[in-house]
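Below, each label is set against the rule behind it.

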Amino acid sequence: MNTRFKDVPSHSWLGAPIDARPLFAPEQAALMATLRGLAPADWDREAVPGWTVRDLAAHVLGDFYGRLARDRDGHHDGPGLVPGETLEAFIHRVNQEWVHACRRVNPTALLDTLDLIGGQAARFFEATDPDAPSLGVSWAGIDPAPMWLDSARDFTEFWTHRQQIRHAVGQGTDHDPRPLSIVLDTFMRALPHTLREVTAPAGTRVQVRIDGPAGGTWTATATQDHWSLDQPDAEHPAALVRLDAETAWRLCTRGIRPDAAMARARVDGDRELAEAVCQIVSIVY
């Protein structure tokens with residue numbers, strides 16, 4: 001089945017809009033509290049492969065600057081794609097270039113700048129029009145995306161990076177259900193794009209159920225030319241995949257692989273469909 005989202009007349013296939021705007025300021029405060037609680041040696045711990053905690057904090061700062069420059073201030077100078085470069089390769093390249101340049105910045109200066117610019121970014125997101133067109137979200141298969149999805153995507157990135165910093169210094173995931181519920185809901189908007197190559201009769205439904213106070217249920221339904229999340233509940237899906245919240249967010253960010261998620265999942269129904277669901281990825285990867 002080839003998905004042609006550009007032919008879909010509305011965003012209904014993405015499911016109900018998500019309003020992450022009120023959560024940016026609390027997330028920024030949580031990030032600053034985490035970073036200010038670090039011991040000097042913690043800044044040099046590996047947070048993700050190839051990047052230390054300081055590198056990852058610098059990457060978040062770069063995201064803040066990029067969003068404000070582009071969408072608040074209308075500033076569009078900066079690096080562009082080189083011939084033959086994919087979007088994914090471009091993003092990884094410019095992220096690495098920024099992090100490398102920021103290695104001359106000490107943690108104290110980085111904290112001060114993150115506090116200032118992160119606060120400005122939170123206020124920017126709070127004031128956005130959720131229905132305005134914005135940057136595409138490649139992992140959801142839509143370009144341009146509505147601002148509600150673009151901003152929710154950024155919220156998931158900030159939240160995820162904070163968890164990676166926490167894990168690097170021996171802390172567990174912050175399971176506060178309010179932000180985690182938004183993160184999981186946003187990640188699940190990748191389901192239609194994940195299933196785009198899956199051929200199934202129109203009306204076939206697959207369901208993901210995430211347990212716990214931050215969880216929920218998401219149902220993807222096959223139509224003649226795409227998959228859709230516009231029907232949130234369904235009885236007797238062809239496949240039901242049940243995950244705990246920790247497995248779900250780690251899968252969507254590739255903290256664990258699909259086969260590991262399948263091993264932890266409880267599956268009812270068509271196992272091939274369930275395996276297709278567990279290919280979900282909700283980051284540029």
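Accessible areas come from the Shrake-Rupley method with a 1.4 Å probe, and for residues only the protein chains shown count as cover. On that basis the chain exposes about 13,200 Å², and carbon and sulfur atoms supply 52% of it.

This is a predicted model, in which local features need pLDDT of at least 70 and side-chain atom pairs count only at pLDDT 80 or more, while totals for chains, interfaces and linings use all residues. Residues are numbered from 1 along each chain as its sequence is written, and side-chain values use heavy atoms, with hydrogens and water left out.

Q: What makes Gln163 buried?
A: Buried means under 20% relative accessible area (exposed is over 50%, partly exposed in between; 1.4 Å probe, protein chains only). Gln163 has 0%, so it is buried.

Q: Which residues does Gln163 touch, not counting residues up to four places away in sequence?
A: Contact means heavy atoms within 4.5 Å. Thr173, Asp174 and Trp249 are touched by Gln163.

Q: Which residues have the most contacts inside the largest nonpolar core?
A: A nonpolar core is a set of buried Ala, Val, Leu, Ile, Met, Phe, Trp, Tyr and Cys residues joined through side-chain atoms within 4.5 Å. The largest has 84 residues, and Leu35, Leu114 and Leu184 have the most contacts inside it.
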